[in-house]
Amino acid sequence: MSHPTRTDLSAWLDLWNHTDLPTAMWIDGEYRAARGGASAALVTPRDGGEIARLPLAAEADVDDAVRGARTVFEKGIWSKLPPRERGEVLLRWADLLEQHRDEIALLVSLEMGKPISDAWAIELRTTIGVIRWYGELADKLMDESPRGREGSVALVTREPLGVVAAITPWNFPMTLAIFKLPAALVAGNTVVLKPASQSPLSALRVAELAVQAGMPAGVLQVITGSGPVTGAALALHQDIATLTFTGSTEVGKQLLHYAGDSNAKPVWLELGGKSPNIIFPDAPDMAEAIRTAAWAISFNSGQMCTAGSRLVVHEDVRDQVVEGVVSHLRSLRMGDPLDPNTEFGPLASSRHRDDVLREVAKGIDSGATLVTGSADAPDRPGWFVDPVVFTNVDNSDRLAQHEIFGPVLSVISFRDEDEAVRIANDSDYGLGSAIWTADLSRAHRLSREIDAGLVWVNCFEEGDYSVPFGGRKLSGHGGDKSVHGLEKFTAFKTTWMKL
Ligand code: NAD
């Protein structure tokens, strides 16, 4: 299926009318309220209206979920299943998601405001694809038997760890959870997932589908609640074997403290970014470079850890590039995220919208030139901001150093290759980066010099399930996806036998 059958707003509103939104946590294969009954309203960025109430898990609820996952792990009904059978469950899970693709895309769009066409085509394609990829990998993994010494046999085996905790953000509620879950699951672990409080709906429904696909109850638990209470209780739990996190650098650092204060669990971090998108005058297709630069700051309304938020452009083509990018951004169809024609949706929460607008105001005060956009919200329902472009930004300015996590582009010009590299690397972050050039040697040189986990040449945000995704410096470590994404979810064991 390459297109949704629902092609207008009314068809999606109709689906919403006929969909029961989850209102409880998914623990041990059933929906459950918090023990104390606490709950919070979930509002949609579409118009700020309440769409559901979800439990606020306290420490006792987190404990229930971890204990359930631990019990199932110890029973061995998942951890000791032949890998091929675990893989088959994942493949059936992917098939079920394909069948429920409209419904899950609807939940993503409702909970965090992503345009429904992007939720369906991009978020769900990746989600289903990653699950399938790990399902197919399940029975193709090998242990090692190094030659060791005469008179002995050495085995290096990999074993599951136990209960894995996953804490995920709201910007790609499905994709970023699924970058972690199938890898942890296929390795034989059980998982407790805490999605962002803004976007729990899709995660809950997808966990329910896992049980329908044959995953034993308790293997994948989903708890809901705030970061500082529910997330902290999970991160501090003594029975969590490893913690995998995607979110802000600030919270990532806090999680390292929690690990030190509890059982010294390993913590794997996918954090923020301020990715440089570097355009040389010899870009092989300048029109494509310009279109992509606009996409890299406006897709998902700029709420991307890899957003190309620093446009590092050679001074000879700067005016042409800026003019083209601004014209693309102004032509984006802003609107109701449930309308399939919408290209640019609202931000995920009113607080986040206010934070982004505050950063735009600071940018104006800093003396940078505002070429398009505004520090005021457009007059329409939902938490929208207009795409913003600043020129005359110095790379040391806050606009170029601080992750804004919205559609705010800073244009920084350079004169030669060395200066471009210096600008690219002058950042606390090291997640994405892009280079536009027809010079093969230059592309290789820069790809070696740029201190980032991801380098795209003549494209942006491209990739595949077979390559890892992750950063360096304050962008984190321990990439997700690919065979490397599995490593953090297993423990080595060396068995040495004297014959
Ligand atoms: P966030 O850090 O505020 O929240 C992420 C998750 O952590 C949520 O589930 C939240 O409830 C939880 N959390 C918050 N405080 C916590 C605490 N004290 N203890 C335990 N858990 C806690 O991030 P966000 O606003 O949801 O997402 C935006 C951030 O995520 C941006 O910085 C963005 O760059 C980053 N991000 C990184 C990647 C990547 O792969 N590198 C991908 C997407 C987003």
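Which backbone oxygen does the side chain of Ser 145 reach? In this predicted model, the side chain of Ser 145 comes to 3.0 Å from the backbone oxygen of Ala 154. Ser 145 is situated in the loop that runs between helix 5 (116-137) and strand 5 (152-160). With residues up to four places away in sequence left aside, Ser 145 touches Val 153, Ala 154 and Leu 155. The C-alpha atom of Ser 145 is 9.6 Å from that of Thr 494, a residue 349 positions apart from Ser 145 in sequence.

The domain assignment of the chain gives two entries, domain 1 (9-271 + 475-495) and domain 2 (276-464). The centres of domain 1 and domain 2, taken over C-alpha atoms, are separated by 30 Å. To the contact, domain 1 contributes 28 residues and domain 2 contributes 26 residues.

The ligand lies between domain 1 (9-271 + 475-495) and domain 2 (276-464), because both give residues to the shell around the ligand. This shell holds 28 residues, of which Thr 168, Ser 248, Leu 271, Cys 305 and Glu 403 come nearest to the ligand. By residue class, the shell is made up of 17 nonpolar, 8 polar and 3 charged residues. Polar atoms of the protein face the ligand at several places. A polar backbone atom of Thr 168 is 2.8 Å from an oxygen atom of the ligand, and a backbone N or O atom of Ala 196 is 3.5 Å from a ligand oxygen atom. On the side-chain side, an N or O atom of Tyr 258 is found 3.3 Å from a nitrogen atom of the ligand. The ligand taken alone exposes 840 Å², and 89% of that is buried by the protein. Two or more residues of the shell come from each of helix 9 (227-235), strand 9 (242-246) and helix 10 (249-261). Helix 9 gives the most, with 4 residues.

Val 66 belongs to helix 2 (residues 59-75). The relative accessible area of Val 66 is 0%, so this residue is buried. Beyond residues up to four places away in sequence, Val 66 touches Val 163, Val 192, Leu 234, His 237, Asp 239 and Ile 240.

Trp 383 is placed in the loop between strand 13 (369-372) and strand 14 (388-391). Its relative accessible area is 12%, and Trp 383 is therefore buried. With residues up to four places away in sequence excluded, the contacts of Trp 383 are Val 43, Thr 44, Pro 45, Gly 48, Pro 346, Leu 347, Ala 348, Ser 349, Ser 350 and Arg 353. Gly 260, in turn, is 123 residues apart from Trp 383 in sequence, and the C-alpha atoms of Gly 260 and Trp 383 are 38 Å apart in space.

Glu 417 is located in helix 15 (residues 417-425). Glu 417 has a relative accessible area of 18% and so is buried, the cut-off for this class being under 20%. A polar contact of 3.2 Å joins the side chain of Glu 417 to the side chain of Arg 442. Arg 442 is also among the residues that Glu 417 touches, together with Phe 280, Arg 445 and Leu 446, when residues up to four places away in sequence are not counted.

Two residues are noted for their backbone angles. Most residues other than glycine have a negative phi. Asn 458, which is not a glycine, has a positive phi of about 55 degrees. Asn 458 lies in the loop connecting strand 18 (456-457) and strand 19 (472-473). With a relative accessible area of 28%, Asn 458 is partly exposed. Ser 482, likewise a residue other than glycine, has a positive phi near 70 degrees. The loop that holds Ser 482 is the one between strand 20 (476-477) and helix 17 (484-487). Ser 482 counts as buried, because its relative accessibility is 0%.

Conventions
Residues are numbered from 1 along each chain as its sequence is written. This is a predicted model: local features need pLDDT of at least 70, side-chain atom pairs count only at pLDDT 80 or more; totals for chains, interfaces and linings use all residues. Side-chain values use heavy atoms; hydrogens and water are left out. A residue is near a molecule or strand if one of its heavy atoms lies within 4 Å of it. A polar contact is a pair of N or O atoms within 3.5 Å; within protein, one must be able to donate a hydrogen and the other to accept it, and residues adjacent in sequence count only if both atoms are side-chain atoms. Accessible areas come from the Shrake-Rupley method with a 1.4 Å probe; for residues, only the protein chains shown count as cover. Ala, Val, Leu, Ile, Met, Phe, Trp, Tyr, Cys and Pro count as nonpolar, Asp, Glu, Lys and Arg as charged, and the others, Gly among them, as polar. Domain bounds come from an automatic or database domain assignment. Buried means under 20% relative accessible area, exposed over 50%, partly exposed in between (1.4 Å probe, protein chains only). Contact means heavy atoms within 4.5 Å.
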